[in-house]
Amino acid sequence: MVKGFQKFIAYGDLHGSFACRDTIAALEKHIKDFKPDHIICLGDNFDNAALRKGISNTESDYYDSLVSDQLAGYMWLDRLKPTVFLNGNHEHRLYRVAEEAANGLVREYAKDGVKKLESHLRKMGCKVYPYHYQKGIHTIGKVAFVHGFVASVHAVKHTAEVFSPPGGATVMGHLHRIEAVHVVRHGGAQGYSGGCVADIPRLLYASHRHATMRWANGWLYGLISTRKGGGFKIWQAEKVEGQWIHP
């Protein structure tokens, strides 16, 4: 324990049944050893691939995929026990389908899914945020945590400029890549993208994109001062030569 600081671990983008079990095992060990005060899921704990185009009651393969994804997503929640949960764009699919699906059976399934997720997180004592550019930001001291709303080459810089408190930082998910930037703004700001916890080769929908070559497994962790206006320190956990590297 460092006096006057709280510890956090922030991870995201497991994508349900597409999660990387090796990365999750390493993350679990780090949580056990580091003993963070805050465990923050940055979103996309579930994949909900079957909802991308809207599942119908006749598409049994898509339904089976969705059920498998949901079971895996809940398993990761129970194993990693986040204290903060930021809905990502993949969780948002469930909310959108619950409101917009033309098929009544699909709409009711999605509504039940939303109720189950929110109930499960409440029972865990988890603070939950919607996927929303104003309401979906969790802040500890001078560090903001968001899922992320843009995916361009300058997304980390842009997100840090928008959401960082003056002199602070933004930690984001969504991008699947490892990146840290210092941005030009009054008071200064930093931006961090910590990679993902998904099994990247299995995310076939992105196999044709050059940007996928930037993706990597990892998560972020650090210290945030308990003093008003105090500082922070953020580190990256990543794999080097087959070994997970973090102090």
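Searching the whole structure turns up one cavity of 30 Å³ or more. Here a cavity is a set of points on a 1 Å grid over the protein atoms alone where a 1.4 Å probe fits but cannot get out, and lining residues have an atom within 4 Å of a point. Bear in mind that this is a predicted model, where local features need pLDDT of at least 70, side-chain atom pairs count only at pLDDT 80 or more, and totals for chains, interfaces and linings use all residues. Residues are numbered from 1 along each chain as its sequence is written, and side-chain values use heavy atoms, with hydrogens and water left out.

The largest cavity holds about 50 Å³ of space, a volume being the space filled by probe spheres set on the points, which are joined across faces, edges and corners. Its lining includes Tyr11, Asp13, Met172, Gly194 and Trp219. Strand E10 (218-225) gives the most to this lining, with three residues. Strands here are DSSP runs (E, at least two residues), numbered from the N terminus.

Now follow Gly194 into strand E9 (residues 189-194), where six of six residues are buried, meaning under 20% relative accessible area with a 1.4 Å probe, protein chains only. In a regular strand the side chains alternate between the two faces of the sheet. In E9, Ala189, Gly191 and Ser193 point one way, and Gln190, Tyr192 and Gly194 the other.

E9 also has partners, where pairing requires at least two bridges found by DSSP. Strand E7 (residues 169-172) pairs with E9 in the parallel sense over four bridges, and Thr170 stands opposite Gly191. Strand E8 (residues 178-183) pairs with E9 in the antiparallel sense over six bridges, with Val183 opposite Ala189.

Note on methods. On a 1 Å grid over the protein atoms alone, a cavity is a set of points where a 1.4 Å probe fits but cannot get out, and a pocket is an open set with protein on both sides within 12 Å along at least five of seven lines; lining residues have an atom within 4 Å of a point. Buried means under 20% relative accessible area, exposed over 50%, partly exposed in between (1.4 Å probe, protein chains only).
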